Amino acid sequence: MEEAKSDEPKPMDEVASPSVEISTPASGAPVETAETGDALCGPDAASTAATASAAAAAPSQKPIAELSETEKKELTQKVLRQVEYYFGDSNFPRDKFMRLEASKDPEGYISISIIASFNRMKSLTTDIGFITDCLKSSDQLTVNEAGTMVKRKLPLPENDTSIPRSIYAKPIPQDATIDDISQYFSAHAKVLSVQLRRSLQTRAFKGSIFVEFETPEEAQKVAS
C-alpha cells in the first residue's frame with residue numbers, strides 16, 4: 001500500500017486505506033513485547049506482569065448464570081483467545097513472568113487462579129470455574145485433572161516465527177482500543193495478537209501497532 005502522507009490519526013474505518021502505512025516488519029526486526037509496548041490479543045498493558053495482590057479491583061460484571069447462551073459463547077471465545085495468546089508462540093517465549101511461573105512446576109503448568117488475576121482476564125470475568133471450563137475446550141491448552149492448572153500442549157518452536165506473520169501499521173487513532181483494532185483486522189484475516197507501541201518513558205501510545213496473523217501469507221495479503 002502507499003506510504004502515509006502524514007501521521008495524523010485516522011478513524012478505525014480508514015486504518016487500511018492508502019492514507020495509512022501498512023507494512024511487514026523487516027526480517028530480524030524486534031517485535032515489541034509487554035516490556036516495551038502493549039502486547040495483547042485484544043490483550044492489556046503488562047497484563048501478564050500483574051498478580052492478584054497488585055492488580056486493580058475487578059469491574060462489576062453480570063454473573064455467568066445470568067448470561068444468555070449467545071453471551072456465554074462470546075465470552076468463552078474471548079477467554080480462550082486471551083489465554084491462548086498468553087501461552088502462544090509470540091508471547092510465551094518472551095514473557096518473563098509466564099516463563100517463571102511455568103518453571104515452578106515440573107510439567108510446566110501455571111495456576112489458573114494466577115491467569116485469572118491478570119487485568120485483561122479480570123475485565124472479561126472473575127469466575128474461575130467458568131474460565132476453567134473454557135480452557136478445557138481449547139485445542140492449544142491442557143488443563144490438569146484437578147482443574148486448577150493449565151499449560152500449552154505443544155513445545156515451543158526453536159525459532160521466533162511471529163515476525164513473518166506480522167504487519168506494522170500507522171497512524172492509528174489515539175482512542176482506538178486493542179479490541180477495536182483486532183475486530184477491524186479480523187475482517188481481513190485471523191488475528192492472533194495486537195500490540196500497541198508505547199513510549200518507554202511516558203507509556204504514551206505512539207499511534208502505531210503490530211498485528212500478528214496466523215500465516216505469513218495472510219500478513220502479506222493484508223499489507224499488499
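Predicted model: local features only at pLDDT ≥ 70, side-chain atom pairs only at ≥ 80, totals over all residues.
Let's start with strand β1 (residues 21–23), which runs antiparallel to β6 and is joined to it by three bridges. Two strands count as paired here if DSSP finds at least two bridges between them, and the elements themselves are DSSP runs numbered from the N terminus: helices are H or I over at least four residues, strands are E over at least two. Residues are numbered from 1 along each chain as its sequence is written, and side-chain values use heavy atoms, with hydrogens and water left out.

Stay with β6 for a moment. It also pairs with strand β8 (residues 205–213), again in the antiparallel sense, over four bridges. There, tyrosine 168 has phenylalanine 210 in β8 as its bridge partner. Buried means under 20% relative accessible area, exposed means over 50%, and partly exposed is in between (1.4 Å probe, protein chains only).

Now move to an open sheet of three strands, with the order β3-β5-β4 and antiparallel pairing. The edges are β3 (110–111) and β4 (141–143); each has a single partner strand, so one side of each is left without a neighbour in the sheet. Between β4 and strand β5 (residues 149–152) there are three bridges, in the antiparallel sense, and threonine 142 finds its bridge partner, lysine 151, in β5.

Next, the charges. Side chains of opposite charge can pair when their charged atoms come close. A salt bridge here is a side-chain nitrogen of Lys or Arg within 4 Å of a carboxyl oxygen of Asp or Glu, and the count by this rule comes to eight. One of them brings aspartate 89 and arginine 152 together at 2.8 Å, N to O. Aspartate 89 sits in the loop between α1 (69–86) and α2 (96–103) and arginine 152 in strand β5, so the pair ties together parts that are 63 residues apart in sequence. Aspartate 89 is partly exposed, with a relative accessible area of 30%, whereas arginine 152, at 14%, counts as buried.

Another salt bridge is between the side chains of aspartate 179 and arginine 120, at 2.4 Å, N to O. It links distant parts of the chain: aspartate 179 is in helix α6 (residues 178–186) and arginine 120 in helix α4 (residues 119–124), 59 residues apart. Aspartate 179 is partly exposed at 34% relative accessible area, while arginine 120 is buried at 14%. Salt bridges with shared partners join Arg81, Arg120 and Asp179 into one network.

What about the nonpolar interior? A nonpolar core is a set of buried Ala, Val, Leu, Ile, Met, Phe, Trp, Tyr and Cys residues joined through side-chain atoms within 4.5 Å. The largest one has 27 residues, and Val79, Phe87, Ile115, Met121 and Leu135 have the most contacts inside it. At least two residues each come from α1, α2, α3 (112–116), α4, α5 (128–136) and β4, with the largest share, six residues, coming from α1. Leaving aside neighbours within four places in sequence, isoleucine 115 is in contact (heavy atoms within 4.5 Å) with residues including Val83, Met98 and Val150. Apart from this core lies another, of 19 residues, among them Ile181 and Phe205.

Finally, the rings. Rings of Phe, Tyr and Trp (its six-membered ring) pair if their centres lie within 6.5 Å; planes under 30 degrees apart count as stacked, over 60 as edge-to-face and the rest as tilted. The structure holds seven aromatic pairs. Phenylalanine 97 is in helix α2 and phenylalanine 118 in the loop between α3 and α4, 21 residues apart, and both are buried. Ring pairs also link Tyr85, Tyr86, Phe97 and Phe118 into a cluster.
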